[in-house]
Amino acid sequence: MGKQQKLKEVPLGAVQAFSETSVDALEVYLPNKNATGNAVLYSGSESGTTGIDYRRLQDVGVQTMLIAVEDLASCEEALERELGNLMLDPTVEPQKKAMCAQQVGVNVARDMLCGGNPAADVDRASGLFDSLLTGMLADPAVATSLLAMSAHHRTTASHLFAVSVLSMMLAQEAFGGNEKQMHDVALAGMLHDLGKTSIDAAILNKVEPLTADEINLIRQHPVESIRLLGGEANVDVNICRMILEHHERYDGMGYPVGVAGDDISIGGRILAITDSFHAMIGRRDYRTALTPVEALRVMRAQVGKQFDPSLFAAWERVLAGGVVSEFKPVLLNDDTDEVGTGYHADHRKAKKKPPVSRRSDRKPIHGQLHMACIATGTLKRNDVVRELSHYPVIDLSRAGACLESIAPMYRGEVVSICLNTGGASQWLRGVVRWCRRNATADHRYRMGVQFMHRLAPEEAHSRHPVVAMMSNQDALMPAG
Ligand SMILES: [Fe+2]
């Protein structure tokens, strides 16, 4: 490489957007440095080539490239302008779409926090979520990629964007993909903590206990957010209400007003969940990050107090349905009695302590059980209600079941199963872990469903007639 450049990593989509919309050739470097520690110029005047083979780079798994810092601003502008087209481009991988949206989201949030021009920033954020919504609805893998990425970004700007994305996903789960609701809650997610920019950072990051005055000041930040937006930005009144109410609690003990229950806007209740969750899994100066499972455990204790119970149930479904490793349901250890969904964020930990093999307690039960499938939810949450059909159960253990079906199910699909044991029915929630064509029977599939709730040891080996497997719609679940 020629002159020494300060380089910055950007998504491949940003480079592509720039080169498609600008006549200027960009100097692009490969993401990995060579043996001498220098970046290798891939394309640019000094390399002798100015073309970029995106397909080939994508095929070999390249997601980001390096560009000179001085080219960053124009490259990011191009990406933001072209995001809508990029989201609809079927040749672009969902992970790349997610990375590009993340890049634009963080840029918009960062500019917003710098307090330049609220009206323009709101328009930019609104455009971003229009594009993102289109991309997410066209391909659910974009959403799951964003869910994975939300676990890794830790700046204030990335927190705002992550809260937006998580809120969109929760709104999608709770309202079956009402696009206006999803867009509005995402925009509110981006703007909800704008008021904190008026508070001294020393107070926000204070490790020692806050004084009563400082607490009062912080408690005014939702009102301050509205004030900052009020003058210039044309923000819908519903969005303002969501922002105002993001620290209200379901039991009425929240702030700044103290409204309770359904009197809090749905968006406010959604933001309360997603903001708390993402704040807990992020590291702060005064505490370490919780793992997603720890955060969920803490939050479960607050259901009905801080959080709306039905929205929280939807939130657990969002995380359980995430087919990304960061939120993958894991087996609970044998030595815990705890019943519930397990999540882990750290593969290294999981490797050190592998899940206990369930092979030993599995019992083949060919031809003895059937599950009647009434409906199943797919990753496109609201589009499939399958006909009633019976699924033979191949085996059943405390951890899960292997079923046979004539239609495939998708990895990550959440199912509810009713086991009828001696007249008493027990409802279990499970996640489809794998599905493959059965080699010995044409046109049939076998799939593994992992239970999120444990069976009692005696239940795993007894012969349960399994009466129903239903979608992840709580309306279909029995009370209690
Ligand atoms: Fe807040």
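Against which helices do the buried residues of helix 6 pack? In this predicted model, those residues pack against helix 4 (94–113), helix 5 (118–138), helix 7 and helix 13. Local features were taken at pLDDT of at least 70 and side-chain atom pairs at pLDDT 80 or more, whereas totals for chains, interfaces and linings use all residues. Residues are numbered from 1 along each chain as its sequence is written.

The secondary structure of the protein chain consists of 17 helices and twelve strands. Helices (H or I, at least four residues) and strands (E, at least two) are DSSP runs, numbered from the N terminus. Of the 480 residues in the chain, 42% are buried. A residue is called buried if 20 or more other C-beta atoms lie within 10 Å of its own, exposed if 12 or fewer do, and partly exposed in between, with C-beta atoms placed from the backbone. Two residues are in contact if their C-beta atoms, placed from the backbone in this way, lie within 7 Å. Among contacts between residues at least 6 apart in sequence, 67% join residues at least 24 apart.

The mean pLDDT of the protein chain is 72, and 65% of its residues reach 70 or more. Among the elements of the chain, helix 13 has the highest mean pLDDT (93) and helix 16 (residues 347–352) the lowest (37). The pLDDT is below 50 over residues 322–370, a stretch with 90 contacts in the model beyond near neighbours in sequence. Residues 470–480 also have pLDDT below 50, and this stretch has 18 contacts beyond near neighbours in sequence. Where pLDDT is low, the predicted coordinates should not be read in detail.

The largest nonpolar core has 99 residues, and V15, I67, C75, L170, I273 and L311 are those with the most contacts inside it. Helix 7 (residues 156–175) gives the most to this core, with eleven residues. A nonpolar core is here a set of buried Ala, Val, Leu, Ile, Met, Phe, Trp, Tyr and Cys residues joined through C-beta atoms within 7 Å. Leaving aside neighbours within four places in sequence, L311 is in contact with L170, A174, R269, I270 and I273. A171 is placed in helix 7 and counts as buried because it has 28 C-beta neighbours inside 10 Å. Residues up to four places away not being counted, A171 touches Q181, M182, V185 and I270. A171 and H183 are twelve residues apart in sequence, and their C-alpha atoms are 9.2 Å apart in space.

Helix 6 (residues 140–150) is largely enclosed by the rest of the structure, because nine of its eleven residues are buried. The buried residues are P140, V142, A143, T144, S145, L146, L147, M149 and S150.

Helix 3 (residues 69–87) has 19 residues and should span 27 Å at 1.5 Å a residue; its end C-alpha atoms are 25 Å apart, which agrees. The expected span is 1.5 Å times one less than the number of residues. Helix 3 bends by about 50° at R81, the bend being the angle between axes fitted to the seven residues ending there and the seven starting there. Buried residues in helix 3 include D71, C75, A78, L79, L83 and L86.

Strand 11 (residues 445–451) is mostly covered, with five of its seven residues buried. Strand 8 (residues 400–405) pairs with strand 11 in the antiparallel sense over six bridges; pairing requires that DSSP find at least two bridges between two strands. M447 in strand 11 is the bridge partner of L403.

R227 lies in helix 11 (residues 221–230) and counts as partly exposed because it has 13 C-beta neighbours inside 10 Å. R227 and C240 are 13 residues apart in sequence and 9.8 Å apart in space, C-alpha to C-alpha. The loop between helix 12 (237–244) and helix 13 (266–280) contains P256, and the peptide bond from Y255 to P256 is cis, with omega near 10°. In the loop between helix 13 and helix 14 (292–300) lies I281, which counts as buried because 22 C-beta neighbours are inside 10 Å. Apart from its neighbours within four places in sequence, I281 is in contact with A151, A289, L290, P292 and A295.

Key: pLDDT = per-residue confidence, 0-100.
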